[in-house]
Amino acid sequence: MRVLCTSREPLAITGETLYPVGLLRTPPADVTVDRAPDFPALRLFVQRASAVRPGFALTAGNLPTVAEVCRRLDGLPLAIELACARLRTLPIEEIAARLGNRFRLLTGGSRTALPRHQTLQAVVEWSWDLLGEPERILARRLAVFAGGATPDSAEAVCADPVRLPREDAVGALASLTDKSLAELLEVPGAPPRYRMQETVRAYAAGVLAESGEAERIRRSHAAHFTDRAERAEPGLRGAGQLDHLGWLTREYDNLTTALRWAVDSGDTEQAVRLAAALGWFWNLRSAHHEAAAWLSEVLATASTSPDGAGDGRGVPRATLAIAHAYDATHNFAVGDTERAVRSAMAATRLAEGEVTNHRRSPCWSCCIGCTPVIPSPAGNRPSPGSASWRATPILGWRPRPGCFTGSPWLPSETRPAPRSTWPPRGRGSARSATGGERRPR
């Protein structure tokens, strides 16, 4: 005898063979109309949309928005059906814009369906109410993770000695996976990750906020990833660079989520430490614009003085110096020379007498080698031998369009020399991070 049955979780009986039913496959951002039928989520959307709005069809104009809706709803069939029901009164663009509050938007399902299938919130609440207490605690705390969590990170952030001991956290994580509230992702060569669907994560975030422990868990999340990033950062310049790059890439969503929380909550020390730890990673990815934007926000929270160095608000001087040095590095790369020089000056002042484990970083020479800009008689333009003149060779770069070359900000006599004679002879010498003299290239 064979029995085929559906269940919310495994029955855990002898002879049981599991066949997990996954979510509908969603399309990538660049999907085309001719490839749309390849994705079950889009096929379901078109079927349900045609039922409430006759003649609905995918076009090059509406396909990107429809695909975005399907992705943001994780390919969850009920959520897609409820979104299509809204097409009676709202255009697809408006539905996409309102998905930030999906539980208010996605209501009004079939009257013949069970009550728990008539709204998106009802179906999630029904599953949530069936969880045990340790599972609920872990599920709501997992909402602070973006892009998933490894078992080690989940334990470090979510466990506590009283309500969720570390030895119980792993079992609760496995139970959430069995009950389809978390998904196990296995990547070759990397630890397993557990990820919540965005719909479940949004509900769990609301429960976390109501629990009164959101601030503590978010602070724990930020502290954990700041510590991990600081431990990974020196490895970006060593033999294990690829391993550390891989970790930072996999956890980038969590790292930027932690950084956003630190900035928005006014946790200056956490924000500066994490931004400083990410500075060289951004450089290796050539993410100069993103880095410059983040560092501008972070250093604004740490600076209270006109010269840009600030008092640091409790941040160690060496860490603040490194953050300013990376700010100089990335702003030179994007062409904001004035800000770059200001940050280089601030880094130099802050680094005086400090010891830091970033001395091997190319940006550290910005802290050691820059000297204050000496205004020339023609105005506030840098004179030969000043930091703005010397910063490019100090950082080990060559002139590039949008940085120094041809910039009207520099007088003609201080524009960079050709590569073969860089740096200009007789202009003073830069010193390396170890204190030795840097030879012209």
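Student: How many of the 10 residues of helix α7 (residues 133–142) are buried?

Tutor: A residue counts as buried under 20% relative accessible area, as exposed over 50%, and as partly exposed in between (1.4 Å probe, protein chains only). In α7, seven of the 10 residues are buried, and the helix is mostly covered. The buried residues are Glu135, Ile137, Leu138, Ala139, Arg140, Arg141 and Leu142. The model is predicted: local features need pLDDT of at least 70 and side-chain atom pairs count only at pLDDT 80 or more, while totals for chains, interfaces and linings use all residues. Residues are numbered from 1 along each chain as its sequence is written, and side-chain values use heavy atoms, with hydrogens and water left out.

Student: What covers the buried residues of α7?

Tutor: Contact means heavy atoms within 4.5 Å. The cover includes α6 (120–129), α8 (151–158), α9 (166–178), α10 (198–211) and α11 (214–232).

Student: At what angle do α7 and α10 pack?

Tutor: Axes are lines fitted to C-alpha atoms, for helices over the stretch in contact, and the angle between N-to-C directions runs from 0 to 180 degrees. Here the angle is about 105 degrees, with the axes 7 Å apart. That makes α7 roughly perpendicular to α10, given that 65 to 115 degrees counts as roughly perpendicular, under 35 as roughly parallel, over 145 as roughly antiparallel and the rest as oblique. Ala139, Arg140 and Arg141 of α7 meet Ala204, Val207, Leu208 and Ser211 of α10. By class, this contact has four nonpolar, one polar and two charged residues. Ala, Val, Leu, Ile, Met, Phe, Trp, Tyr, Cys and Pro count as nonpolar, Asp, Glu, Lys and Arg as charged, and the others, Gly among them, as polar.

Student: Which residues make the contact between α12 and α14?

Tutor: Begin with the geometry: helix α12 (residues 241–250) and helix α14 (residues 268–284) pack at about 100 degrees, their axes 11 Å apart. That makes α12 roughly perpendicular to α14. Gln241, Leu245, Leu248 and Thr249 come from α12, and Leu278, Phe281 and Leu284 from α14. This contact has five nonpolar, two polar and no charged residues. In general, an α-helix has 3.6 residues a turn, so residues three or four places apart point the same way.

Student: Which residue forms a salt bridge with Arg141?

Tutor: A salt bridge is a side-chain nitrogen of Lys or Arg within 4 Å of a carboxyl oxygen of Asp or Glu. By this rule the count comes to 21. Arg141 pairs with Asp160, the closest N and O atoms being 2.6 Å apart. The pair links distant parts of the chain, 19 residues apart: Arg141 lies in helix α7 and Asp160 in the loop between α8 and α9. Arg141 is buried at 0% relative accessible area, and Asp160 counts as buried at 11%.

Student: Where in the chain do Glu251 and Arg193 lie?

Tutor: These two form a salt bridge whose closest N and O atoms are 2.7 Å apart. Glu251 is in the loop between α12 and α13 (252–265), and Arg193 is in strand β2 (residues 193–195), 58 residues apart. Glu251 counts as buried at 1% relative accessibility, and Arg193 is buried at 7%.

Student: Are Arg339 and Asp327 buried or exposed?

Tutor: Both are buried. They form a salt bridge with closest N and O atoms 3.0 Å apart. Arg339 belongs to helix α17 (residues 337–351) and Asp327 to helix α16 (residues 317–334). Ser343 is also found in helix α17; it counts as buried at 5% relative accessibility.

Student: Which residues touch the most other members of the largest nonpolar core?

Tutor: A nonpolar core is a set of buried Ala, Val, Leu, Ile, Met, Phe, Trp, Tyr and Cys residues joined through side-chain atoms within 4.5 Å. Of the 104 residues in the largest one, they are Phe45, Leu106, Leu142, Leu259 and Trp282. Helix α14 gives the largest share of this core, 10 residues. Apart from it lies another core of six residues, among them Ala340, Val341, Ala344 and Met345.

Technical notes
Helices (H or I, at least four residues) and strands (E, at least two) are DSSP runs, numbered from the N terminus.
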